[in-house]
Amino acid sequence: MADPLLDDVAALLREAAADVVVPLFRRLDASDISEKAPGEVVTVADREAEKLISEGLRRLRRGSVVVGEEAVADDPDLLRHLHGTGDVWLVDPVDGTSNFAAGRRPFALMVALLTDGVPVASWVYDPLDGTMAAGRLGAGTTLDGTPVRAAGSAPEAGALRGTAMTKFLPADFRRDVEAGGRRLGELLPGQHCAGREYLDILTGAQQFVLFWRTLPWDHTPGTLLVREAGGVARRFDGTDYHPADEGRGLLVAASEEIWDEVYAALLAR
């Protein structure tokens with residue numbers, strides 16, 4: 001059965017990618033890239049895509065609020081809306097900006113909808129391979145329009161493949177994760193694009209991903225999609241991820257069993 005909201009937002013992301021983002025890929029010059037914080041770059045594609053997407057989302061839900069990554073960089077007080085009521089959109093116009101700015105893939109466009117503080121729908125789109133994941137709370141996740149489950153039977157720990165984003169981990173966590181990775185099948189360094197990491201769980205290309213930084217626009221879309229596909233997204237202390245939380249550390253897995261196996265290998269002390 002068609003879902004007009006899922007279809008409309010998916011169409012909006014495709015439009016932003018086709019009209020703004022992809023035409024600028026590998027065509028940026030130095031004036032199109034700036035540093036918004038130490039080590040954090042932003043491009044003209046981020047700003048223009050966020051403007052296009054934000055305007056479209058407000059038309060879809062009159063009275064809704066948009067909390068975009070670039071808008072928050074200019075006005076951090078926008079984050080207060082994550083604790084509020086009504087409809088709030090989270091927007092990451094170009095997830096993987098460092099890749100995009102350097103002319104590398106992957107990168108993604110991501111949106112999530114919160115209603116009264118609860119994530120209720122989300123979208124992740126990789127425009128270079130055309131993969132669109134979308135889902136609603138309680139209604140499952142689709143990948144290019146087809147319902148998807150994140151995992152079947154869980155492989156043994158020694159056959160598990162996944163990513164650990166160790167760059168920002170505190171030294172003690174990093175040592176434990178790197179040592180524990182030897183108990184797993186393959187521990188990957190990460191693609192610098194959270195959206196692609198979540199898509200890879202949904203496609204079965206990997207079974208887990210570990211993050212330290214958990215900004216809401218990076219993780220709200222993907223965690224809802226993975227959960228609706230039967231997976232798990234929890235903090236290192238075992239509590240469920242929520243975008244309004246200010247904690248750090250997130251382990252996402254394709255199933256409860258895989259989460260337990262990866263936690264035991266990488267984080268149990």
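## Domains, cores and pockets

His 219 lies in helix α7, which spans residues 216–228. The model is a predicted one. With a relative accessible area of 2%, His 219 is buried, because buried means under 20% relative accessible area. Apart from neighbours within four places in sequence, His 219 is in contact with Ala 194, Tyr 198, Phe 211, Arg 213, Thr 214, Tyr 241 and Leu 250.

**Domains**

The chain is divided into domain 1 (4–148) and domain 2 (160–267). Their C-alpha centres lie 21 Å apart. In the contacts between the domains, 41 residues of domain 1 meet 23 residues of domain 2.

**Nonpolar cores**

The largest nonpolar core has 43 residues, and Leu 202, Leu 210, Val 252, Leu 266 and Leu 267 have the most contacts inside it. At least two residues of this core come from each of the strands β5 (108–115), β12 (208–211), β13 (232–234) and β14 (250–253). The helices α5 (171–180), α6 (194–203), α7 and α8 (256–266) likewise each supply at least two. Domain 1 and domain 2 each provide at least three residues of this core.

A second, separate core has 32 residues, including Ala 16, Ala 17, Leu 52 and Val 91.

Within the largest core, Leu 210 is one of the residues with the most contacts. Leaving aside neighbours within four places in sequence, Leu 210 is in contact with Thr 163, Ala 164, Met 165, Leu 169, Val 177, Phe 236, Leu 250, Leu 251, Leu 266 and Leu 267. Leu 250 is among the contacts of Leu 210 and among those of His 219.

**Pockets**

The largest pocket holds about 1,300 Å³ of space. Domain 1 and domain 2 both give residues to its lining, so this pocket lies between them. Of the 43 lining residues, Glu 40, Arg 213, Leu 215, Trp 217 and Asp 218 lie nearest the centre of the largest pocket. Strands β1 (33–37), β2 (40–43) and β4 (87–95) each supply at least two residues of this lining, as do helices α3 (69–74), α4 (97–101), α6 and α7. Helix α7 gives the most, with 4 residues. Arg 213, one of the residues nearest the centre of the pocket, is also in contact with His 219.

The second largest pocket is lined by 20 residues, and the closest to its centre are Asp 3, Leu 6, Ala 134, Thr 142 and Gly 145. Helix α1 (4–24) and strands β7 (131–136) and β8 (140–143) each supply at least two residues of the lining of this second pocket.

**Glu 69**

Glu 69 is found in helix α3, one of the elements that supply at least two residues of the lining of the largest pocket. Glu 69 counts as buried because its relative accessibility is 12%. Not counting residues up to four places away in sequence, Glu 69 touches Lys 36, Glu 50, Val 91, Asp 92, Pro 93 and Trp 217. Of these contacts of Glu 69, Val 91 belongs to the second core, and Trp 217 is among the residues nearest the centre of the largest pocket.

How values were computed. Residues numbered from 1 in each chain as written. Predicted model: local features only at pLDDT ≥ 70, side-chain atom pairs only at ≥ 80, totals over all residues. Heavy atoms only, no water. Buried < 20%, exposed > 50% of the residue type's maximum accessible area, 1.4 Å probe, protein only. Contact = heavy atoms within 4.5 Å. Core = buried A, V, L, I, M, F, W, Y, C linked by side-chain atoms within 4.5 Å. Domains from an automatic or database assignment. 1 Å grid on protein atoms, 1.4 Å probe; cavity = no way out; pocket = protein on both sides within 12 Å on 5 of 7 lines; lining within 4 Å. Points joined across faces, edges and corners; volume = space filled by probe spheres on them.
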